[in-house]
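Me: I have a structure open here and have not looked at it before. Can you walk me through a few residues?

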Amino acid sequence: MYAQSVTPNFTTGSMTQTVTATQTVTETVAIERFGGAVKTWNGDNIKALDTSGAAVDITATGTQFHIVDTSLPWQLEIVTRAAGVVETEDVSRTIETDTVTNTLSVFSQ
């Protein structure tokens, strides 16, 4: 048994191939920022006193704030925060990438 030879009916030719691909990436980021306990006070024309009238720290039990001179303007700011999560940030995003590849093959005999 012998193979038969084949003679092509063409002398030149070309072929084009197009490949299209889509990639989708979905990303979710969850961030938690932690902080320590904070107890501060800031004021103008204000003093912190205990129940007996003695000057105390803000963290003392029973601290009271009194205006020093009632004829003058006054301001009081108290910030109290427990230790733990102080801020959360949630980010969700989708990135889509389309790729097109064109291939041209040219051949001749």
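Me: Which strand is Asp 90 in?
Reply: Asp 90 sits in strand β6, which covers residues 84-108. Keep in mind that this is a predicted model.

Me: Is Asp 90 buried or exposed?
Reply: Asp 90 is exposed, with a relative accessible area of 64%. The cut-off for exposed is over 50%, so Asp 90 at 64% falls in that class.

Me: What does Asp 90 touch, leaving out residues up to four places away in sequence?
Reply: With those left out, Asp 90 touches Val 29, Ala 30 and Ile 31.

Me: And how far apart are the C-alpha atoms of Asp 90 and Ala 30?
Reply: They are separated by 4.6 Å, while the two residues are 60 residues apart along the chain.

Me: New topic. Where is Asn 45?
Reply: Asn 45 is in the loop that runs between β2 (38-44) and β3 (46-49). Its phi is positive, about 65 degrees, although Asn 45 is not a glycine.

Me: Buried or exposed, that Asn 45?
Reply: Buried: the relative accessible area of Asn 45 is 18%. Buried means under 20%, so the 18% of Asn 45 qualifies.

Me: What does the side chain of Asn 45 reach?
Reply: The side chain of Asn 45 reaches the backbone oxygen of Pro 73, at 3.4 Å. Setting aside residues up to four places away in sequence, Asn 45 has a list of contacts that includes Pro 73, His 66, Asp 69 and Trp 74.

Me: Which strand holds Leu 76?
Reply: Leu 76 lies in β5, residues 75-81. Leu 76 is partly exposed, with a relative accessible area of 31%.

Me: Last one, Thr 63. Where does Thr 63 lie?
Reply: Thr 63 is in the loop between β3 and β4, the latter being residues 64-67. Thr 63 is buried, at a relative accessible area of 18%.

Me: What is Thr 63 in contact with, ignoring neighbours within four places in sequence?
Reply: Ala 48, Leu 49, Val 56, Asp 57 and Ile 58 are in contact with Thr 63.

Notes:
Residues numbered from 1 in each chain as written. Predicted model: local features only at pLDDT ≥ 70, side-chain atom pairs only at ≥ 80, totals over all residues. Heavy atoms only, no water. Helix = DSSP H or I, 4+ residues; strand = E, 2+ residues; numbered from the N terminus. Buried < 20%, exposed > 50% of the residue type's maximum accessible area, 1.4 Å probe, protein only. Polar contact = N/O pair within 3.5 Å; in protein donor to acceptor, adjacent residues only side chain to side chain. Contact = heavy atoms within 4.5 Å.
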